[in-house]
Every structure is written in C-alpha cells, then in structure tokens.
Amino acid sequence: MPATLSLKQARRIALAAQGLDKVRPAAPVSSRAVGRTFARLQLVQIDSVNVLARSHYLPFFSRLGNYDRSILERLSGVHPRRMMEYWAHEASFIRPEHFEDLRLWQNRKWVGAHAMDPEERGDVAGRILSELAAGPPLTAAELTARLGHVETRSTDNWGWNWNTIKRVLEHLFEEGTVTAASRTGSFERRYTLTSRVLPSTAVAAAASGKPVSTQPESKGPESGEQGGGRPDAGAAMLRLIDAAAQAHGIGTLRCFADYFRAPQRAAAEAVAELVDAGRLEPVTVAGWDRPVYRHVEARLPRTATGRALLSPFDSLVFERRRLEELFGFHYRLEIYTPEAKRRFGYYVLPFLLRDGIVARVDLKADRAAGSLLVRGSFAEPDAPGDTAVELAAELQLMAEWLELDRIIVAPMGDLAPALAQAVAGLHPL
C-alpha cells in the first residue's frame, strides 16, 4: 500500500525540496550558498521583464535574502561555470551536466531559422561560427555589423522582429552549437561557441556527442549511451525526470515533465523506471486525484517556518495546477492581460508565509525615485493575522536588496490598509 500523506505534509516536502521551508540564514550570503541553492533548483528561468528585478535574480533572494547579484555573474561567466544558458522550462540557466540531455529532448524550432532556405542558413551559420571562433563573444548587433549584414525589416517593433543574423544565432543556440558567454546591461546575449563555455571536463564530451557530467558525486540514475557515441535518449530522460523530482520533492507525472518541458509519454516511461529503481515512491495525498510520487531523497520537515516573496517565474509556481492543488492558490500572470481586465496587477508576486501562500502583491521598483512601489496588495481568504506585518518586513528586506530608500503602499486591495500601517511602523531604511 502506498504511504498516505496529508496535504500539509505534502506542502512541507515541496517547500523543503525548493529550499523554502526555513528562515533564511542570518550570516552574509556566500557564493557557496548561492551555488548550493542553484544546484537544488536545477534550473532558473530567465525573462527580460525588469519592472522589479530580472527574474533569474529573484529565486535566490526568495531563498537567501539580501545577496550580491554579482555572484550569479561569476557562476555563469567564470570557469568552471556552475550555470549556463539553454532551453529548459523556458529560456533558463541550467546546470551544465544537463546540457547534453536537454539537447536530445528540447524542440524550440520556432525560435530560430528552421523555415529559412537551408543553403542560405548554412552560409550565414558558417560565417557566424567563423567570426565567433576567431574572436571574443559578440551580441547579435555586433555580429551583424562585423559581417556587414544589411536587410530591410518591418518597422513594427512588436514581438521578435529579428534580422537574419539573430534568427540563425537562435537556431545555433537551439542546436547547442553556440551559447551565451554573458549578458549586456540591456540583457542582450553575448554569443560564443558552446565549447568555450562548458567546463573542461565537458568540452570533449560535447564534441564527441557524449553526455556531459560535471557532478560525479550525483546519486541519480547512471548514464547510458547508444552506439555512435550519442547519449541514450531514455537514460537522458531518466536523469532529467530524476532531477525534476528532486527539485519538486513530491509531485505528479505532469509536475515532473513540466519542469524541463519534457514530452509526457517519455516522462511517463522514465517515472515508471524510477519507481522500479526505487528513486520514486508512489504515495497518496489527500485531495489529489492523480498518481503522486515522492522522491527517495525528499525530506519531510516537522514544520515550515520560511517567508518569501516569489517571482512569477519561480520554480515553486511553474506548474499552476500543482500550485493550486498544494496551496489552494489560483495564480495567473497578467502581464499580457489588458490593464482594464487585470484582477491583481501587472507583476504580481505570491507571498509565502510558513506553509501557506497567504497574499499577493503587485510590485514595481521605481529606481529614479528610490522607491519600492506596492501597487496592489491582496490577502488570501485564510491569511493569518500577522500577514501584513510579515509582508512589510519582507518588503523592507527586498527594498534593501534593491537599494531603494522607501516603500510606498498604494490603496489598492483588501490588504493595503493593514500593510500601509505595518510599513509605517518599520524602522527607516
């Protein structure tokens, strides 16, 4: 008989797996702590929206508090790299050990130049690769200038109005031939050859087509290969689903597949194999009407004492059905919803307090005025009495991290009056 867990126990397992079950450490945040957090999460989604802070910075703040964002630049830009860019859940920072496995299973052809004439695409790709091989990392604009490429494009700048160079670069990125060496201040990728970014232990493997492994101490499923030196697709999926299950702690097939955007059928086969291997344990959770699995390494803490504002792109909230089943929290990102039709605001962050998501706030960093703007604040129906006080303290920590001088609470939302009062009682920043 599968073990039976209460909903609160399932929540605590999920929070522990994501590093959100405890009060943050009081000591200054080290590079080692940031690296450990990233290894726990397996990936961090990238998004260009900067109304508060770039999305890949926020998960580390949620788990560690006031940390130096330049640590991420070192982890992703200095050898041996602990982070690199590739397609995963969406555009993401991933662990280098997952790169070759993801190359086998990612299919983002729509982002590149697959519809171009193959001969033209091959010619442009050859020129790009020659330029990158001969010199430093370059942005798409810099490569366009270096190659003397000129073309007429639409004057409509909505969406991805890419020229041919950018389209082929994204094609090469999706193939895994090029990657990002770093980002500019305006968030443009500086492209380089992937072999220059992967750690030295992975370069030869990438060149030969073998799976990358920069974490020999990993306890996950063993690597496997097919003839010809290519990674075995089934073994690659096992590793990805095992990593997703570790990051979730507990979840369904859909939860695990969604983490790396894996195909459901292949993910289902991997889940079955991981159950047989003892890596996943079938369990039942009150209120869940689908098969649920707990990872063998998942921890069940006695209590959850954490507190965090969560990015709209945080890995705890990736899978909206899971979020609602676990926390009773219905969440929709309203960035692309017309303003008049938004319920809660443009950039709304869930607020986690102990073992519940108890509120949501629409935030904006007004850097010119030095203010953290709370444009709307809304309590969940079962929010505890200390929600406003705890949220005010979390907003103060965020303002300090973002180097903002004040918090301004707009009178929007049912939590706004209590939150404004709690903010007014804080010590000045």
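Is Glu85 buried or exposed? Glu85 is buried, with a relative accessible area of 3%. Here, buried means under 20% relative accessible area, exposed means over 50%, and partly exposed lies in between (1.4 Å probe, protein chains only).

## The model and its confidence

This is a predicted model, in which local features need pLDDT of at least 70 and side-chain atom pairs count only at pLDDT 80 or more, while totals for chains, interfaces and linings use all residues. Residues are numbered from 1 along each chain as its sequence is written, and side-chain values use heavy atoms, with hydrogens and water left out.

The score pLDDT is the predictor's confidence in each residue, from 0 to 100. Its mean over the protein is 90, and 90% of the residues reach 70 or more. Residues 201-219 have a pLDDT below 50; beyond near neighbours in sequence, this stretch has 36 contacts in the model. A contact means heavy atoms within 4.5 Å. Residues 223-230 also stay under 50, and the model gives them 21 contacts beyond four places in sequence.

## Salt bridges

Side chains of opposite charge can pair when their charged atoms come close. A salt bridge is a side-chain nitrogen of Lys or Arg within 4 Å of a carboxyl oxygen of Asp or Glu. The structure holds 25 of them.

Glu85 and Arg189 form one, at 2.9 Å from N to O. Glu85 lies in strand β3 (residues 84-87) and Arg189 in strand β6 (residues 189-193), so the pair ties together parts that are 104 residues apart in sequence. Strands (E, at least two residues) and helices (H or I, at least four) are DSSP runs, numbered from the N terminus. Arg189 counts as buried too, at 9% relative accessibility. Another salt bridge joins Arg95 to Glu97, with the closest N and O atoms 3.1 Å apart. Both of these residues are buried.

Glu131 and Arg146 meet in a salt bridge of 3.2 Å, N to O. Glu131 belongs to helix α6 (residues 118-134) and Arg146 to helix α7 (residues 140-146), so the pair ties together parts that are 15 residues apart in sequence. Glu131 is partly exposed, with a relative accessible area of 21%. Arg146 is partly exposed as well, at 47%.

## Pro137 in its loop

Pro137 lies in the loop between α6 and α7. It counts as partly exposed, at 31% relative accessibility. Pro137 and Ala181 are 44 residues apart in sequence, but 6.5 Å apart in space, C-alpha to C-alpha. Leaving out residues up to four places away in sequence, Pro137 touches Glu142, Ala181, Arg190, Tyr191 and Thr192.

## One cavity

The structure holds one cavity of 30 Å³ or more. On a 1 Å grid over the protein atoms alone, a cavity is a set of points where a 1.4 Å probe fits but cannot get out; lining residues have an atom within 4 Å of a point. The largest cavity has a volume of about 30 Å³.

Its lining residues are Leu41, Leu43, Val44, Gln45, Pro59, Phe313, Asp314, Ser315 and Phe318. Strand β2 (residues 43-45) gives the largest share, three residues. By class, the lining has six nonpolar, two polar and one charged residues. Ala, Val, Leu, Ile, Met, Phe, Trp, Tyr, Cys and Pro count as nonpolar; Asp, Glu, Lys and Arg count as charged; the others, Gly among them, count as polar.

Methods
1 Å grid on protein atoms, 1.4 Å probe; cavity = no way out; pocket = protein on both sides within 12 Å on 5 of 7 lines; lining within 4 Å. Points joined across faces, edges and corners; volume = space filled by probe spheres on them.
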